[in-house]
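Could you walk me through this model, one feature at a time?

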Amino acid sequence: MAGAELTPRERGLVQSVVDAMLRKRGHPGSPEHTAIRRQQACEAARPRHHQLAQLVAARLAGLPQDIGISDVDHVLRPVDADEAHLAGVVAGWPTPRPVARVVARAAAGTLEQLIDRGVIASAEELARLTPRLAAATAASAYPDPALRILMDATYRAFRNRRSLLLLNLEHQVRLAELPWVQAVASARTDTSDTRNQARRTLVRLASTAVCGFPATVLPNPLVGELSTLSKQASLQLPWVEELAADIFMGRFSAKFLQAAKLAGRRLAGSLYARYYDIDYPAIAAIDDTSRRLFRRTRTLDAFDQVCRDRASARGKRSWFNVAANGIIIEQAQILTAQNLATIAELGIDLPSADLAKRCLDTVLRLTARIHHNPRPLGTVKNTAYAWRQMLFFLSLSSWEEQTAFPAYAEQWLATQPDHVRTRLAPAVTGLVHVISGGKFDAEGRAGTGRRLLAGPRPSTGCSTRDRGTEVQRGRGSVWWATCSCWRVPTWTPATGEGGRR
């Protein structure tokens with residue numbers, strides 16, 4: 001373009017760009033333009049994030065690498081004069097938030113502190129860290145120091161193995177069944193001190209899990225650790241795992257009935273029992289344990305049938321009907337309170353009213369995620385679980401706290417988007433009805449109120465007509481309906497409109 005004459009069009013384009021620049025920044029040398037250039041120069045002189053990150057990394061290099069950071073604030077302190085000279089940055093400059101957030105994850109602290117800081121953000125992450133505490137407790141029963149170190153390492157290594165889901169209520173090999181563990185079993189000494197230590201660890205982990213993540217069902221790895229600690233503390237407590245619907249054989253082991261009876265002793269006649277229409281005295285009267293076969297777990301025909309009846313499962317057991325299995329498993333979880341009653345049996349002083357409110361917050365947050373979600377069933381399940389946990393904590397609260405809770409729920413529901421209010425309003429209405437002394441009918445309805453569950457009752461057949469009927473049944477329901485074979489989920493909003501995805 002050098003020496004070339006601009007065409008009228010090109011001259012007009014250049015002039016429009018210059019005019020726009022002058023309107024935005026002012027003429028060169030003007031006060032407006034000078035102020036802008038001064039601000040840009042200050043921003044350009046700021047330290048880059050990578051420079052500050054390298055400075056923080058140099059601070060971390062001088063700390064022990066096999067333990068957490070005891071003083072995070074010291075590591076994240078502003079740049080001092082010596083560091084500013086070496087790194088070429090401005091003295092007194094604070095550590096950027098993205099860098100501080102990464103460093104904070106390496107902070108040392110108790111489980112409670114790490115949960116409060118957000119370092120442990122889920123019950124699954126808590127379960128991953130739990131074997132370290134449980135290993136020290138299990139190894140404390142070995143008086144020999146060298147053997148104690150060996151058993152601590154063995155415990156942690158064993159917990160890191162890959163877990164498998166097996167059929168016919170079978171389980172993987174247990175730690176005590178390992179030959180090298182059996183070889184040193186005679187050196188193990190269980191005393192009152194070791195049992196008390198196991199109980200303290202059990203109470204601490206259970207309390208931390210419930211208070212840290214009140215709306216989450218205990219993960220199976222954490223349930224296994226709590227069960228092991230219970231045995232070490234000589235406590236006969238039933239801990240039940242969350243079963244997989246795709247390999248469920250239609251039978252429950254004996255500990256599920258034990259957990260249901262334990263829950264009944266605490267929840268009979270409570271808000272929880274009235275909401276889910278549970279006849280705990282009838283469950284307490286069940287004494288039907290099948291004969292234990294060789295290397296097989298005891299099962300309970302009567303308890304199995306109770307769960308099937310509550311799920312309205314008809315016909316013979318069918319382990320390949322995954323969605324129907326999920327409904328039966330959900331009923332077992334409702335009857336047993338999914339380990340919450342077992343935790344309450346430990347005598348932990350739970351802030352039940354506060355935990356119920358936190359569960360409601362989780363319900364609102366999860367319900368918001370359902371909107372425009374093409375695969376909402378996982379979120380729906382977690383929402384129903386959080387609602388069930390909320391009901392349990394409400395049942396442990398005083399009558400005054402229970403009667404005040406509906407106003408709290410309606411107040412927070414009113415602040416939510418329309419789609420959240422539409423989906424949750426029937427559930428809140430049903431809760432208010434039960435707290436006021438009412439009951440649901442056989443279909444889980446009470447006027448405009450609905451009982452909130454993870455899924456509806458299965459129907460029979462698999463024709464297009466049945467599928468359409470099932471969708472029509474979903475009209476006005478809280479969550480969703482499925483085709484009658486339960487293999488292709490169909491999302492049904494509260495208006496009842498929906499179709500096959």
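Setting aside neighbours within four places in sequence, Ala 139 is in contact with Arg 148, Met 151 and Asp 152. This is a predicted model, so please read each value here as computed from predicted coordinates. Ala 139 belongs to helix 8, which covers residues 123–139. With a relative accessibility of 2%, Ala 139 counts as buried, because the cut-off for that word is under 20% relative accessible area.

Let us step back to the chain as a whole. The chain has 501 residues, and buried residues make up 43% of them. Its secondary structure comprises 23 helices and 4 strands. If you count contacts between residues at least 6 apart in sequence, 64% of them join residues at least 24 apart.

Begin with helix 3 (residues 49–61) and helix 6 (residues 97–104), which pack at an angle of about 25° with their axes 10 Å apart. An angle under 35 degrees counts as roughly parallel, and helix 3 and helix 6 are therefore roughly parallel to each other. Their crossing is right-handed. On the helix 3 side you will find His 49, Ala 53, Val 56 and Leu 60, which meet Pro 98, Val 99 and Val 103 of helix 6. Sorted by class, this contact has 6 nonpolar residues, 1 polar residue and no charged ones.

Now turn to helix 21 (residues 399–413) and helix 22 (residues 418–435), whose axes lie 10 Å apart and whose packing angle is about 165°. Angles over 145 degrees count as roughly antiparallel, and helix 21 and helix 22 are therefore roughly antiparallel to each other. The crossing of this pair is left-handed. Helix 21 contributes residues including Trp 399, Phe 405, Glu 410 and Leu 413, while those from helix 22 include Val 420, Arg 421, Leu 424 and Ile 435. The residues of this contact divide into 12 nonpolar, 2 polar and 2 charged.

Next, a look at backbone torsions. Which value of phi does Asp 277 have, although it is not a glycine? The phi of Asp 277 is positive, at about 55°. Asp 277 sits in the loop between helix 14 (271–276) and helix 15 (280–284). Its relative accessible area is 54%, and Asp 277 is therefore exposed, since exposed means over 50%.

Ala 337 is also a residue other than glycine with a positive phi, near 60°. You can find Ala 337 in the loop between helix 17 (322–336) and helix 18 (340–345). Is Ala 337 buried or exposed? With a relative accessible area of 2%, Ala 337 is buried.

Finally, consider the cysteines. How many disulfides does a search of the whole structure find? The search finds 0 disulfides. Cys 307 has a relative accessible area of 0% and is therefore buried. Cys 359 counts as buried too, at 0% relative accessibility.

Technical notes. Residues are numbered from 1 along each chain as its sequence is written. This is a predicted model: local features need pLDDT of at least 70, side-chain atom pairs count only at pLDDT 80 or more; totals for chains, interfaces and linings use all residues. Side-chain values use heavy atoms; hydrogens and water are left out. Axes are lines fitted to C-alpha atoms, for helices over the stretch in contact, and angles run from 0 to 180 degrees between N-to-C directions. Helices (H or I, at least four residues) and strands (E, at least two) are DSSP runs, numbered from the N terminus. Angles under 35 degrees count as roughly parallel, over 145 as roughly antiparallel, 65 to 115 as roughly perpendicular and the rest as oblique. A crossing is left-handed if the near helix is turned anticlockwise from the far one by less than a right angle, and right-handed if clockwise. Contact means heavy atoms within 4.5 Å. Ala, Val, Leu, Ile, Met, Phe, Trp, Tyr, Cys and Pro count as nonpolar, Asp, Glu, Lys and Arg as charged, and the others, Gly among them, as polar. A disulfide is a pair of cysteine sulfur atoms within 2.5 Å. Buried means under 20% relative accessible area, exposed over 50%, partly exposed in between (1.4 Å probe, protein chains only).
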